[in-house]
Amino acid sequence: MDVKETRYRVTGMDCAACAAKIETAVSRLPGVARVSVSATAGMMRVAHAGEAAFLPAMKTQLGRLGYGVFPADGDKLGADDRGRDRDHRHDRDHGQADAHSHEAGDGQGAWWSTRKGMLTIGCGLALGMAYGIGRLYPPVEWWAFLAALAVGLLPVASRALAAARAGTPFSIETLMTIAAIGAVVILASEEAAAVVFLFLVGERLEGVAAGRARASIRSLATLVPKTAYVERNGAVEEVPAASLSVGATILVRPGDRIAADGEIAEGDSAIDEAPVTGESVPVRKQAGDAVFAGTINADAVLRVRVTAAAADNTIARVVKLVEEAQESKAPTERFIDRFSKYYTPAVLVLGALVAVLPPLVAGASWSEWVYKGLAILLIGCPCALVISTPAAIAAALSAGARRGLLIKGGAILEALGSIDAMALDKTGTLTEGKPRVTDIIAIGRSEANLLSMAAALETGSSHPLALAILDRAKADKVPVPPASEAFALRGKGVAGKVGGKEIFLGSPAAAAERITLSPEQLRRIAAFNDEGKSVSVLIAAGEPAGIIAMRDEPRADAQSGLAALRAAGVEPVMLTGDNRRTAVTIAKDLGLPMHAEMLPQDKQRIVRELRAAGKKVAKVGDGINDAPALAAADVGIAMGGGTDVALETADAAVLHGRVGDLAAMIELSRRALSNIHQNIAVALGLKAVFLVTTIAGITGLWLAILADTGATVVVTANAMRMLAWQPRAARG
């Protein structure tokens, strides 16, 4: 039977323990080959056979644990999803009183309106009433606290039983249930009730924090407006943005968000791309330029031709890629997961030994040491430790995506922090990827007149050099007269008539076939060639009219970006297939070593040599021509402006193509790793401190629960600080 892999969205997860329980429960279903669950993304990936019978069985299995599930690809985080989830919760609340619902973890509604929120409030009220009754009628105090305990503990115990049946006997609910029942046995019902209440409060705090982390990337989807103005048959009508089809023309007014990825068909305006790329300065765009969904039209009416459906626009792809990245576990996270599988049973054994051995061996008080053993069970709950890594990684991935830095998974995020060598492609990475006019030398006329004639001949051409001349003419506001009888001469140039004069624009070699260039003109042409520039000579009426030099110039931030890499301890090197003369010039301008005239396999060889020398290597390129080298590197990074290549190839992508963002990506990785180390230190440190103080008799059940839920909240809050991360350059 064929096995297919499907992604599902799971409602109700607010911690890594939830993900572990779901993974175990689903893996026990017939026909399931592999399961991977991400609590931070709220997603599950399942390789299974038999879709028709599988989904109902999985819904039933997870429903018993209190989770909702539906296919991710068919439900797009919209109002329909929320409606389905509300229906699911409504049915579950009426049909399963002991469901383990974590709705607030999904960010669905206020925390107090969820079943778990109401349970927490009810438990708190019951505890308060027990205190009041105990003060008024001391003889029934023990029973009052027992009743308050039952309000909170029965659902927790039911969840523990459901988890055990689904294959997770050593869950946090199990430890809590054993500790609470044990406290009742030794007549500490007041503390037991208070501890269960604190546990529920801690879970609510975890749920709120998890929902905030999950919503940080999903909120990108809200950047796209719900409606758009479409031009049809000469009229404009408002339609849902999700219904826009490729080829449709939409009207975008000043101040409106653009409703779809597209190409400007008519108009000229500044576009605020900060919501998508993090670029703070609006970009001037005109007819023929690409625009992204979610960006803001600043100052003029635009007509935009839609080039991608709603499900495929830049923001939708970014959201999907980051969610998928959150499903990919980092090495540290995988180690912690493996560790926790042995850690929890070990805590149970340790608690039992502490409770039993001193009374048996040394004749110590049973009540005292059983109490300490129960406290150790609470101290040992693994939630804070397990959530320490994925919470930080999820926050870092979300923060990066908001700055135009896409990192496809925790493993890649960790690897970036150890990079100490970076091989960069030239064209489109260190340079803009298209030539620009750098020098204009007019002969016997003004520069404007020379540029005007050249632009007249090139009008309508799509050749990169022609576009460079046309762009310069537009930038200089040079009038472009019409040309007649224009035709291309293959490999030589273009000829025609402008203002009644015979005009030719072509290479110096082709020009030399028509006229004699002076020694000074030849010297200037040779100097431009030595600088890696392409040269065109304009001939008018059989006489040299001027020389135009063009080159693919380094990006504006190339120098500062490379300096930032070096400051981060990363050694940059340029690999290019371009000719050596051009490569030497660019490398000299940027002050970095280079290898030129390289075939794809040559670039791959250089990357392998760097790795063989003990370097951790990142390769930066366009994701297609550099595919072998990208695959050979420790991390492959694609540069691009939201293109399919930039988003869907390599291990990471820099959306707006700034060289400085490469150093920012490494900075983000190192900040995330530092955050993870802080989290692990807090989680283990608090447990170690409370373990010692509990055995010494200084602290008891009250503070023991804070070693778990308190540490979990502290760790999650620390991880959430990553959401506010900004590159050092932006802060400075």
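Hi everyone, let me start with A541, which is exposed at a relative accessible area of 53%; here exposed means over 50%, buried under 20%, and partly exposed in between, with a 1.4 Å probe and protein chains only. A541 also has a positive phi of about 55°, although it is not a glycine. Most residues other than glycine have a negative phi. A541 sits in the loop between β20 (534-540) and β21. For these labels, helices are DSSP runs of H or I with at least four residues, strands are E runs of at least two, and both are numbered from the N terminus.

Quick housekeeping. This is a predicted model, so local features need pLDDT of at least 70 and side-chain atom pairs count only at pLDDT 80 or more, while totals for chains, interfaces and linings use all residues. Residues are numbered from 1 along each chain as its sequence is written, and side-chain values use heavy atoms, leaving out hydrogens and water.

Back to phi. K477 has a value near 55°, again positive in a residue other than glycine. K477 lies in the loop between α16 (464-475) and β17 (483-489), and its 74% relative accessibility is why K477 counts as exposed.

Now the whole protein. It has 26 helices and 26 strands, and of its 732 residues, 52% count as buried. Taking contacts, meaning heavy atoms within 4.5 Å, with a separation of 6 or more, 68% are between residues 24 or more positions apart.

One sheet I'd like to show you is open, with six antiparallel strands in the order β6-β5-β7-β13-β8-β11. Because β6 (235-240) and β11 (290-291) stand at the edges with a single partner strand each, one side of each has no neighbour in the sheet. Two strands are called paired if DSSP finds at least two bridges between them. In general, strands of a sheet pair through backbone hydrogen bonds, either parallel or antiparallel.

Let's zoom in on β8, residues 262-266, which is joined to β11 by two bridges, running antiparallel. Which residue of β11 is the bridge partner of E263? That is A290, while G262 stands opposite V291. Turning to β13 (residues 302-306), four bridges join this strand to β8, also antiparallel, and here G262 has V306 as its bridge partner.

Next, a helix pair. α19 packs against α24 (residues 660-695) at an angle of about 25°, with the axes 7 Å apart. Axes are lines fitted to C-alpha atoms, for helices over the stretch in contact, and angles run from 0 to 180 degrees between N-to-C directions. The two helices are therefore roughly parallel; that term covers angles under 35 degrees, with over 145 roughly antiparallel, 65 to 115 roughly perpendicular and the rest oblique. On the α19 side the contact is made by G561, A564 and L565, and on the α24 side by G660, L662, A663 and I666. These divide into five nonpolar, two polar and no charged. Nonpolar covers Ala, Val, Leu, Ile, Met, Phe, Trp, Tyr, Cys and Pro, charged covers Asp, Glu, Lys and Arg, and the others, Gly among them, are polar.

Last stop, P554. Where is it? P554 lies in the loop between β21 (543-551) and α19 (558-567). Leaving aside residues up to four places away in sequence, P554 touches L430, T431, I586 and L590. Thanks, everyone!
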